[in-house]
Amino acid sequence: MAVNEERLNQLLGRFVADFGAAFHAGLVVIGESLGLYKALAEGPLTSAELAERTGTHERYVREWLNSQAAGGYVEYDADAGRYSLSEEQAFALADERSPAYLPGAFLLAVSALRAVPQITERFRTGEGFGWHEHDHGLFRGTELFFRPGYAANLISSWIPALDGVEAKLKAGAKVADVGCGLGASTILMAQAYPASTFVGYDYHDGSIEMARQRAEEAGVGD
């Protein structure tokens, strides 16, 4: 077998990048879940200060911070011994309203991978694997990933781009949001077009239950 060294090195380079990304995904999910990014967005902190503010253990937080700084997700001031987020990092990692909010994508990926053992077995049997069978984190990750895009574009540009649709919604229409998940898009439309009625549909009972709760909290539960 003749191995082309250049092509092999290209393959190894892709592998190393993917390998690092796979491990880094878990650290981003930890940062999102524990509020580490949001705390850092408020100003520079030492590892001890960040741990105290978030109710976490300093030893673990220190290792997390160093990894994040090495990966370019967090800034580190060696002279002051403090960590912080740049404006761009805070925009992408700490602001859930940002259209570039990234932790949802990592949560989606990590949660989807928890189904690997079951899906491996499906390869043998040929049976399907339902959306409802996934880890619950996948549903929240999907919403976190897509909701910023909905908030930034759905009402302001996507619906107005549809011929005649916005006028009907303002006048009063009945809308079915099929596959609504946790209801992010349904709720946004209901808030923007109070004359219309929006009904979200999803075959996953857990998502519908959460969507109903969020609709109530947003004042559009009716």
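## Lining of the largest pocket

Ten nonpolar, seven polar and three charged residues make up the lining of the largest pocket (Ala, Val, Leu, Ile, Met, Phe, Trp, Tyr, Cys and Pro count as nonpolar, Asp, Glu, Lys and Arg as charged, the others, Gly among them, as polar). A pocket here is an open set of points on a 1 Å grid over the protein atoms alone where a 1.4 Å probe fits, with protein on both sides within 12 Å along at least five of seven lines; lining residues have an atom within 4 Å of a point. This is a predicted model, in which local features need pLDDT of at least 70, side-chain atom pairs count only at pLDDT 80 or more, and totals for chains, interfaces and linings use all residues. Residues are numbered from 1 along each chain as its sequence is written, and side-chain values use heavy atoms, without hydrogens and water.

Of the 20 lining residues, Thr186, Phe198, Ala215, Val220 and Gly221 lie nearest the centre of the largest pocket. Two or more residues each come from helix H10 (184–192), strand E4 (197–201) and helix H11 (205–217) (DSSP runs numbered from the N terminus, helices being H or I with at least four residues and strands E with at least two). H11 gives the most, with five residues.

## The second largest pocket

The lining of the second largest pocket divides into eight nonpolar, six polar and four charged residues.
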